[in-house]
Amino acid sequence: MLCEGVKDTKLFKAEMICLFLAVLFIPFHTIHKGVSLSLFSMGGKLSVYPILVGLALYLYRSVKTKQLFVPRKYVFFVVTLFIFQLISEIHGLIIFPYWEEITAEQFDKLLKILSVLTYNQVAIDTDYIGKVWFSAKILIKSLPTFLCTYACVLWIVSLFSIDSNETIRYFIKGIIGSAILCCSYSLVEYLHLFGLQEASRVLCEINPLIYDVAYAHGWWPPLFFGNRVRSLFAEPSYLTIYLSIAIPVSFYYSIVIKRKNLLWKILPSLLLIMMLTTNSKTGMGILLAELVVAIFFVTIKKDSFHISDLKIFIRPMIKTGIWILVILSIGINANNAFQHRYSIKYDIQNIVDNHIIKVTIKNTGWITWNEADKYELTAAWYDDDWDEYGRIDVPILASLHGGESETLILDLPPLPPFLAEYRNVVVELKKSGPYEKGLLASQGAAKLVLQKLDNGKLVELNEINPSANSMMALTSTTTGSNQQRYGMMLVDFLIGFQHPWLGVGGNDLKQAYIIPNIPERLKNNREVQLWTKLQQEKGIFRSSFPVISEYPNQFATYGLLGLILFLLPSFYAVYVLWRTREKWMNKKNKLLFKTIAFSIAYFGLMVSYIGGNTMQLYIYWIFLGIVIGWCEILSNECS
């Protein structure tokens, strides 16, 4: 009766609106620094605002009614996990071997306090106070982190206990709303990728409104992401994490919605095409994982279908299967076209004095090189460590359509004797237009490589293809971003094996362990070199290595026990799903399609964290609350 009374209140309706907005705002995960909440670990995400309001309303509701509205076992788990992580962090501070690297200069707020004390002639040991500040920061940070994550999960579970149908309805409305926003943006993005300059201009206006362009490391997030679709997100991999939920939910919505129209068929189709055109290995892994789960559900219930079900189930499944195959074909072909967006052929006419190169270039691609976009050939001398000297840019003066050619002269500066090690020349296609700027090798344009022989003669070495970044290369340790991804996963494992039970005490403490554990073969990776340089210059708090994979990170930061506790909600969900399968998998049960959609989505989401982490988007913490709440429904209705 208490829940019925709460359900009809304005307070509960306000919480539903907060849930809807939190889901709707998931794509806006890198908001401007001026409006982000630095106190909270998730403060840079727009979803944090409705979630904090929702948590405040939940706290008020609980105090007013003197009820938690959450089963005690979930509260006990969250409290246990918080205490365990606190113990791990205290243990991490005790065993921390890099205290000499911790100085007061790494903490901006502490420096302000110290400047005031110094002005008032208060003597203080800055090294000591820096270490105390560091320790306090590590321990105090745990509370707001839990408030933004596991407290959010408990809040959503509490909404289920009041009205599960409304909670699910507002969650799905939020996913569909955010999916429509992403698709609307990506329609403009596709026009940009197909070479429409007006679309590029529109994106130049929109993107800086969504996030601070190039605020991290001087380039991230970029204004454009080359030939890969990323929609409203900062990079394609974040989009794939979101789509792991959005695609199954939108397919479910297109099946059950009463107002049948073309939009609800187009929406999941466009989301699927977007997943494929991210050209993301993570995205490909998610699709394969979700396909396996879908086949699993069909397989375990194949004996329950009869001839009478042909019209109700089999025919729609075949039609849907054909539809999905057509969409997959469109997506794969579009992705292939984008990966060869720029294609160029070089024909060297002659080389004068071993530094003046006359070369004819031919546009062998499908996109026109418009004069207004300011295409150039850029060239430089390189040594064997790929340090450059004497870069020149030569403009392509006329527009070149597919099949057209132009001859250019590249007059590189002659090499002085003391730079004899700079014996390589690399020529690349570059774009310096008013909108999109940068080298085009990552978008299909080949490079021309020349080398000086021992006799001083400059000769063409070969035409090398652009570096491969195929989304099909899921297991390669050297292709695309896989080298640094698998390499940094190995670093996390190496750190974890040093402290296997409790870990090193959180991601902030882990930062000090990373550089000493980087294997030699990984030190030549460009991204790893950048992260290493920035951390050595700024310190572990001002510049940290990103979390590449959630599971090795959990092992390194909180040990094997922490990893098990992190996975426990997932194990619990699988257990409930399997225990109640005979009831909810009945074709007459209203829970059937919803349970299958949520199961596929959750499995795809957990697979995505092989190449991502739960702090990148708010989607994990929101959907974990939905899944746990749904487990309660299955346990109650199917018991």
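**Exercise 1.** Determine whether aspartate 353 is buried or exposed, and state where it lies.

*Solution.* Step 1: the relative accessible area of aspartate 353 is 59%. Step 2: with a 1.4 Å probe and protein chains only, buried means under 20% relative accessible area, exposed over 50%, and partly exposed in between. Aspartate 353 is therefore exposed. Step 3: aspartate 353 lies in the loop between β1 (344–352) and β2 (356–363); strands here are DSSP runs of E with at least two residues, and helices are runs of H or I with at least four, numbered from the N terminus. Step 4: the phi of aspartate 353 is near 55°, a positive value in a residue other than glycine.

The model is predicted, so local features need pLDDT of at least 70 and side-chain atom pairs count only at pLDDT 80 or more, while totals for chains, interfaces and linings use all residues. Residues are numbered from 1 along each chain as its sequence is written, and side-chain values use heavy atoms, leaving out hydrogens and water.

**Exercise 2.** Describe how helix α11 (residues 236–256) and helix α13 (residues 281–300) cross, and which residues meet.

*Solution.* Step 1: the two axes, lines fitted to C-alpha atoms over the stretch in contact, come within 9 Å and cross at roughly 30°. Angles run from 0 to 180 degrees between N-to-C directions. Step 2: angles under 35 degrees count as roughly parallel, over 145 as roughly antiparallel, 65 to 115 as roughly perpendicular and the rest as oblique; α11 and α13 are therefore roughly parallel to each other. Step 3: Thr240, Ile241, Ser244, Ile247 and Pro248 of α11 meet Thr282, Gly283, Ile286, Leu287 and Glu290 of α13, where contact means heavy atoms within 4.5 Å. Step 4: five of the contact residues are nonpolar, four polar and one charged. Nonpolar covers Ala, Val, Leu, Ile, Met, Phe, Trp, Tyr, Cys and Pro; charged covers Asp, Glu, Lys and Arg; the others, Gly among them, are polar.

**Exercise 3.** Compare the span of helix α3 (residues 48–65) with the expected value, and identify what follows the helix.

*Solution.* Step 1: α3 has 18 residues and reaches 25 Å from its first C-alpha to its last. Step 2: the expected span is 1.5 Å times one less than the number of residues, and the 25 Å reached is close to the 26 Å expected. Step 3: buried residues of α3 include Val48, Ile51, Leu55 and Tyr58. Step 4: lysine 66 follows α3, and its phi is positive, near 60°.
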